[in-house]
Amino acid sequence: MSTLRIMVVENDPANAFLLGMQLEHLGHPAPIIANTLDQANACVAQRPRLDLVLLDVQLDKGQVSAPLATALHERGIPFIVVTGREKSALPAAYAPGRHLHKPYDLSELIQAIALTIAQGD
């Protein structure tokens with residue numbers, strides 16, 4: 001797997017830290033971390049080259065990431081929805097993304113990233 005520029009959108013600092021460590025362990029540079037919709041939107045606007053976004057559904061301040069999922073899909077940026085919710089319970093905005101159910105193990109993360117990137121090629 002090649003080195004990817006990844007953004008993690010996650011409201012829980014511990015989860016964001018763990019996911020960042022896992023990504024670095026896999027050889028990717030430290031990810032961009034955002035925990036609110038405003039932070040995530042600013043990162044997308046400022047960084048035209050994102051290879052992948054790992055997206056939690058529930059963000060800080062009671063926000064949900066569905067508008068960001070829609071914007072990512074419109075820009076052609078692949079994303080993985082990383083959530084404890086079942087895929088069937090997610091709003092339609094998340095349908096273009098791959099689903100990774102929390103808790104997950106490293107092999108599931110690796111597989112989700114590989115399949116998502118391969119799908120975009």
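On one side of helix α3, Glu74 and Arg75 are exposed. The model is predicted. The other side of this helix tells a separate story. Within α3 (residues 66–75), Ala66, Leu68, Ala69 and Leu72 are buried. They span an arc of only 155 degrees around the axis, so they sit on the same side of α3. Their cover includes β1 (6–9), α2 (37–46), β3 (52–55) and β4 (79–83). Just past the helix, Gly76 adopts a positive phi of about 75 degrees.

Now to the sheet. It is open and built from five strands, ordered β2-β1-β3-β4-β5, with parallel pairing. The edges belong to β2 (32–34) and β5 (98–101); each has a single partner strand, so one side of each has no neighbour in the sheet. On average, neighbouring strands are turned by 20 degrees against each other, direction ignored. Look at β4 and β5: they run parallel and are joined by four bridges. Ile80 has Arg98 of β5 as its bridge partner.

α1 touches β1, β2 and β3, and its direction makes about 160 degrees with that of β1. α3 lies across β1, β3 and β4, running at about 165 degrees to β3.

Finish inside α1 (residues 13–25), which holds Gln22. Is Gln22 buried or exposed? Gln22 has a relative accessible area of 14%, which is under the 20% cut-off, so it counts as buried. Its side chain makes a polar contact of 3.1 Å with the side chain of Tyr104. Leaving aside neighbours within four places in sequence, Gln22 is in contact with Tyr104, Leu106 and Leu109.

How values were computed
Residues numbered from 1 in each chain as written. Predicted model: local features only at pLDDT ≥ 70, side-chain atom pairs only at ≥ 80, totals over all residues. Heavy atoms only, no water. Buried < 20%, exposed > 50% of the residue type's maximum accessible area, 1.4 Å probe, protein only. Helix = DSSP H or I, 4+ residues; strand = E, 2+ residues; numbered from the N terminus. Arc of directions from axis to C-beta. Contact = heavy atoms within 4.5 Å. Polar contact = N/O pair within 3.5 Å; in protein donor to acceptor, adjacent residues only side chain to side chain. Pairing = 2+ DSSP bridges. Axes fitted to C-alpha atoms, helices over the stretch in contact; angles between N-to-C directions.
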